[in-house]
Amino acid sequence: MAKEAGGGHRPGALKQQNKPHKAGKHRGNNARRQGGRIPAKTLSQQQRRNLAKLDRKNRAWQLRQQRREAVLEEKRNLGRKDGPPHLVLVVPLHKNIITQHALKLFQSDGASVVCQTEVGPPGFALLCPRFKLRWRFVVADTGNLHTVLDLAKVADTLLFVLDPLEGWDAAGDHRLSCIFAQGLPSYGLAVQGLAGQPLKKQMECRKKLSKAIEKRFPEAKLFPLNTEQESALLLQHLASQKQRHLAFRERRPHLLAEAAEFVPSSDSALVGTLKVSGYVRGQRLNVNSLVHIVGHGDFQMSQMDAPREPFVLNPRVAKAAPRRMGEQDEMVSAVDEMEEDVKVLSKADPSKQELLQSEVVPDPMDGEQTWPTEEELKEAEESLEQSKKTSKRVPKGTSAYQAAWILNDEEWKNDSEEEEEDEEDEGNDLMEEAVSQDGSSSEEEEEITEEEECDTITLPEVDQEDEKMEEDEAMLEKYKQERQQEMFPDEVDTPRDVAARIRFQKYRGLKSFRTSPWDPKENLPRDYARIFQFQDFSQTRKHIFRQLEREEGEGAEVGWYVTLHIDHVPISVMESFQQGGPLVFFTLLPYEQKMSVLNFLVRRHSAYSDPIRSKEEVIIHCGFRRFRASPLYSQHSTGDKHKLEQFLRADMATVATVYAPITFPPASVLLFKQESDGVHSLLATGSLLSVDPNRLVIKRVVLSGHPFKIHRKMAVVRYMFFNREDVLWFKPVELRTKWGRRGHIKEPLGTHGHMKCQFDGQLKSQDTVLMTLYKRVFPKWTYDPYVPEPRRRSRSPLSLQEEEEMV
């Protein structure tokens with residue numbers, strides 16, 4: 001009883017301590033949140049980790065075999081019976097190269113069949129029944145850079161022809177830079193005319209060319225192209241090499257026009273239906289999707305036919321056209337197939353067809369802005385042309401060139417000659433009085449003779465030399481502004497005639513450019529009501545790409561020869577094809593016809609040195625598109641705000657922002673500047689960064705002032721503002737100095753813009769006080785899908801005659 005009263009048994013220091021039961025806590029936190037289920041990703045990682053070494057080796061071997069079979073299958077289809085002909089673009093890189101001589105070597109094989117093309121870019125089709133290969137050779141027009149880039153977008157292989165002595169010249173190097181920036185598919189290198197050199201000089205030429213191509217084409221093999229055997233070896237190499245893929249064309253069906261026919265509409269002869277025939281490449285082609293003609297815009301298809309194929313390996317056996325999609329297999333006799341030349345594959349379904357609507361139609365009741373009609377725009381252009389012309393009264397028989405040297409009375413007048421004119425007027429008055437005494441008949445006779453002897457000629461107001469001088473002055477002014485921007489970034493002078501609170505009323509001050517908030521939906525322009533925006537662009541892109549991989553819908557298979565009926569096409573497209581230009585077609589993915597804000601990450605090309613301002617019109621090649629726009633340049637930085645760049649800088653990567661149709665990356669970007677003589681110069685190269693209208697491009701303005709009186713941390717600053725009201729208006733904005741001091745405005749002094757400021761330390765007399773203001777800017781809506789061909793480089797008739805003689 002005494003022990004129980006003492007509190008019972010107490011354990012000793014050596015008592016065993018057992019671990020408590022965990023009751024399900026052995027699972028991870030993620031598994032406990034999901035009710036005990038293990039995610040599929042974690043489970044696959046565990047299974048991969050638990051595989052034995054032999055199983056892992058077997059799995060890796062299977063993956064290698066699958067990739068190898070995919071590459072072999074691609075080689076078997078390209079240029080074979082079931083695939084499209086192997087499209088080879090011949091690109092000469094030197095002015096001394098004669099492309100016709102190289103093409104003659106490919107045509108010299110007696111067992112091959114040559115099919116010449118009548119329209120479109122120059123070239124021919126080569127059918128090799130012995131190797132069961134079909135080739136389509138196209139020669140690039142070196143005088144037109146757009147033609148070279150358009151053909152390189154769809155070519156399977158680029159054949160670069162080099163000169164034995166120099167390799168490539170300056171124009172060839174520029175051509176290579178553009179092709180590399182756009183995307184280089186599979187290629188081959190051939191040197192023409194090496195056998196014509198002396199034996200001792202041939203080794204030197206080979207070594208020189210090998211060193212030259214190491215920089216541009218590492219691990220590339222150089223093939224001589226002088227005999228039939230060498231041309232056969234080159235063709236074998238092009239057919240067996242591994243194909244390089246371009247992402248922007250492999251995901252989209254595309255074709256090169258082999259034949260075209262234009263059918264005018266009943267309403268107008270300038271617009272009609274374009275019937276284009278060609279081989280389907282890339283992906284399966286659906287008639288309900290939209291088609292983009294490079295350099296001309298987006299259009300709808302109404303019908304797709306399957307005509308007789310022009311390039312058949314065995315021309316004796318007519319190849320039957322594919323049956324109409326959706327029909328069951330039918331036994332058709334050979335006689336019926338021969339009678340039916342064209343078979344309709346499919347027609348567009350209005351309920352499934354993509355619409356051409358590229359902009360959101362804003363509600364006219366939301367604002368009071370009215371858009372000008374086409375008639376008003378034409379009247380404005382005509383009045384502008386008339387205003388540029390002046391009429392002069394000159395003697396009869398005077399040419400326009402002579403009339404340009406005759407000055408009117410108003411052109412003679414000058415401020416320094418007013419006194420002389422007054423003296424002449426006094427003398428003329430005396431003469432008139434003397435004549436009036438003789439009679440008025442003489443005056444009438446003189447007027448009649450003047451009217452008979454004089455004539456009126458309309459001349460342009462500005463001469464070519466004057467225009468050239470104006471261009472030079474404008475370029476000099478741009479050089480000065482670029483230099484000023486480098487020396488004093490974003491610094492502007494406060495105007496004297498306009499109050500600063502009115503001049504900078506759209507600007508604001510920020511405590512920190514990096515961390516201060518800025519609402520991206522605030523004060524948007526009218527153009528933002530016309531564009532389309534994505535809630536999550538990257539997720540939409542992934543969803544569309546996955547959908548394209550899974551879908552097995554209707555359409556023309558890769559390798560089929562089809563005829564597309566494209567509606568509402570201007571006749572200029574057909575005229576361009578008849579003049580020898582290529583017609584390149586790409587099918588658009590969903591949403592790619594809609595307008596939005598595109599951001600390009602570009603870097604300035606080293607060969608271009610002229611200054612380029614923001615909002616200056618340039619020509620942009622974005623993936624398969626080509627259009628005109630006025631980009632806005634900004635810094636490529638982290639954070640939600642990006643500073644505007646007044647000029648495209650050469651020492652850093654820059655983001656160019658434009659209004660343009662949506663394009664899903666990856667896509668290459670090239671920027672060209674059209675010079676006054678019509679030549680397009682490569683300005684910058686890069687890639688598509690994002691499609692994001694909410695990207696904040698902020699313009700910075702820096703107002704500067706001079707410390708007038710300094711007393712420890714207090715200073716009187718002048719020349720930043722010129723009236724008392726401006727000082728009170730900008731009083732909340734923080735100040736800084738070029739030497740790192742920070743401060744704020746205490747109060748204004750007087751009425752002439754002096755202000756008392758306080759800083760975090762004593763100023764130096766040579767320091768400068770700065771106030772930084774910010775404003776969001778937007779690009780200009782100058783999108784134009786039609787880009788005419790650049791001016792061609794002229795060739796002398798002698799060079800053409802020499803080329804014909806060499807061939």
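**Close-up views of a predicted model**

View 1. Ser 231 sits in helix α9 (residues 228–240); helices are DSSP runs of H or I with at least four residues, strands are runs of E with at least two, and both are numbered from the N terminus. The model is predicted, so local features need pLDDT of at least 70 and side-chain atom pairs count only at pLDDT 80 or more, whereas totals for chains, interfaces and linings use all residues. Residues are numbered from 1 along each chain as its sequence is written, and side-chain values use heavy atoms, with hydrogens and water left out. Ser 231 counts as buried because its relative accessibility is 3%; buried means under 20% relative accessible area, exposed over 50%, and partly exposed in between, with a 1.4 Å probe and protein chains only. Apart from neighbours within four places in sequence, Ser 231 contacts Leu 105, Phe 106 and Leu 225, where contact means heavy atoms within 4.5 Å. Ser 231 and Leu 105 are 126 residues apart along the chain, and their C-alpha atoms are separated by 6.3 Å.

**View 2. The open sheet of seven strands.** The strand order is β2-β3-β4-β1-β5-β6-β7, and the pairing is mixed; two strands pair if DSSP finds at least two bridges between them. β2 (113–116) and β7 (222–224) are the edge strands, each with a single partner, so one side of each has no neighbour in the sheet. From one strand to the next the twist averages 25°. Angles run from 0 to 180 degrees between N-to-C directions, and axes are lines fitted to C-alpha atoms, for helices over the stretch in contact. Strands β1 (residues 86–92) and β4 (residues 133–139) run parallel and are joined by five bridges. Leu 87 has Arg 136 in β4 as its bridge partner.

**View 3. Helices α6 and α7.** Helix α6 (residues 145–154) lies across β1, β4 and β5 (157–162), and runs at about 150° to β1. Helix α7 (residues 170–182) has 13 residues, which at 1.5 Å a residue should span 18 Å, and this agrees with the 19 Å between its end C-alpha atoms; the expected span is 1.5 Å times one less than the number of residues. The buried residues of α7 include Gly 172, Leu 176, Ser 177 and Ala 181. Just after α7, Gly 183 has a positive phi of about 135°.

**View 4. The contact of α6 with α7.** The two helices, α6 and α7, pack at about 35° with their axes 10 Å apart. The crossing of α6 and α7 is right-handed; a crossing is right-handed if the near helix is turned clockwise from the far one by less than a right angle, and left-handed if anticlockwise. From α6, Leu 145, Val 148, Leu 149, Ala 152 and Lys 153 meet His 174, Arg 175, Cys 178, Ile 179 and Gln 182 of α7. By class, this contact has six nonpolar, two polar and two charged residues; Ala, Val, Leu, Ile, Met, Phe, Trp, Tyr, Cys and Pro count as nonpolar, Asp, Glu, Lys and Arg as charged, and the others, Gly among them, as polar.

View 5. Pro 665 and Pro 666 are joined by a cis peptide bond with omega of about 5°. The loop holding Pro 666 is between β24 (654–661) and β25 (668–674). Glu 219, which is not a glycine, has a positive phi of about 65°, and is found in the loop between α8 (199–216) and β7. Glu 219 counts as exposed because its relative accessibility is 89%. Tyr 719 is not a glycine either, and has a positive phi of about 70°. Its loop runs between β28 (714–718) and α21 (724–729). At 48% relative accessibility, Tyr 719 counts as partly exposed.

View 6. Strands β29 (residues 735–737) and β30 (residues 742–749) run antiparallel and are joined by two bridges. Arg 736 is opposite Arg 742 in β30. Four residues separate the strands of this hairpin, and Gly 740 takes a positive phi near 95°. β30 also runs antiparallel to β31 (residues 754–759), with six bridges between them. Ile 745 is paired with Cys 757 in β31. The hairpin of β30 and β31 has four residues between its strands, and Gly 750 in the turn has a positive phi of about 70°.
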